[in-house]
Amino acid sequence: MTARAMGAEAAAPPERRGLARDGVRLMTVRPDGITETVFRDLPELLEPGDLVVVNTSATLPARLDVRRADGVRAPLHVATTLDDGDWVVELRRPGNDGPDRGVEPGTLLDLPGAVRLRLVEAFPAPARASRLWRARPDPAVPAAEHLQRHGVPIRYGYLGAAVPLADAQNVYATEPGSAENASAGRPFTDRVLVRLMARGVPVVPVVLHAGVSSPELHEPPAPERYRVPEVTARLVNATRAAGSRVVAVGTTVTRALETATGEDGVTRPAAGWTDLVLGPDRPARVVTGLLTGLHAPDASHLLLLESVAGRELVDRAYARAVAGGYLWHEFGDTMLFLP
C-alpha cells in the first residue's frame, strides 16, 4: 500500500476566500490521465446520457452546548433520531479537540430548552466502546426539532471561524436531517445544474441523512437513514443498460445507491437504515463515476473511493492533490473519478 499524505486544509468556505461556490478546483481522474479544471467545468467533463445522482438531505445545526453533572460545559454533536425516539450523539471534550471517551452509561447532560439527556449505551453495538452513544431525552423530543430551535452548525478545529448554516447547505438540499453537510455537492450552483441538464445529463435525487463523522478517529460510518426513490432507481438501471455512467455525488450517494442494488446489479426503490460499508470485500456494483471532496489519510471514506475507482487510481489522485496544493475538507477542492 502507498502511504498517503494530507494537504492543506480549507479553513473557510470558498466565498470567504475570494472564490465563487463553483470556483473550487476540480481534478478529473481517469485511467489514462489526470486533468485539472474548476468545478464549473463539470458539465463538459461528462457525456450526454450520463446520470448524476445527488443527496438532497439538508444539514441541521447539529451542535449543542450542554452542561454535565459536574457543571462542566462541553459540545454535543447530535447524529440522528432513532425509530424509537432515542438520539445518537457524540459528547466532545470541553475544548472540542476530540470525542470524550471517558463517559459512562447513565451520564446525564442538561441541554438548552430544559431537556435532560441520559446516555444509555454505546452505539451501534452496546458491548463495544464507541464515541457514539444512544441517548434518551426527557421530555421526549425529536432531535431535529430540538436542534432547529437551539443548535448551531458543527465546527471542527481546522475551520478558522464559525460558519452560518447557509454555508453548510447544498443548493439542492430540501429535506433537513444530516448532522454534517454532504459536502461533495457543495460546489454545485444553479448554473452548473442547468448546464448539466442542457447537455443531456439528468440530475436525480436520493436522500441519506449523514451522521457525525470524526476527523480524529478513522472508523466505519454508523448506520444512517436513506431513501432511493422509484424514479432514481429506474433511471439508474436505464443508464447502465445504455452503457452510460452513473456518477454519484459523494460517498453518501454511493452508500445509498449501493444499498439499494442487489447482487444481480439491479437498483430498486428502497428506504430504511443502511449499515453498508464498501471496500475491497464489497466493491461498488452500480456507481461508475464518483465526485468527491478530499478525505483525511486512512479515513473509511477512502475505502469507498477505492471500491469505485480502485486503489491505484485513488493513490495517484491523492499524490497529485498533495503536490498541487489542493485543499481538504468540506470547503475544499474536489475530484471526479471516472474509472
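Two strands count as paired if DSSP finds at least two bridges between them, and strands (E, at least two residues) and helices (H or I, at least four) are DSSP runs numbered from the N terminus. The model is predicted, so local features need pLDDT of at least 70 and side-chain atom pairs count only at pLDDT 80 or more, while totals for chains, interfaces and linings use all residues. Residues are numbered from 1 along each chain as its sequence is written, and side-chain values use heavy atoms, leaving out hydrogens and water.

**Exercise 1.** Work out the strand order of the open sheet and find its edges.

*Solution.* Start with the order: 9 strands run E3-E2-E19-E17-E15-E4-E13-E14-E16, with mixed pairing. Next, look at the ends: E3 (33-38) and E16 (270-274) each have a single partner strand, so one side of each lacks a neighbour in the sheet. Finally, neighbouring strands are turned by 20° against each other on average, direction ignored (axes are lines fitted to C-alpha atoms, for helices over the stretch in contact; angles run from 0 to 180 degrees between N-to-C directions).

**Exercise 2.** Describe how E13 pairs with E14, then find a helix packed on the sheet.

*Solution.* Strand E13 (residues 203-208) and strand E14 (residues 224-228) pair antiparallel over 2 bridges. In one of the pairings, Leu-208 has Tyr-226 of E14 as its bridge partner.

Key
Contact = heavy atoms within 4.5 Å.
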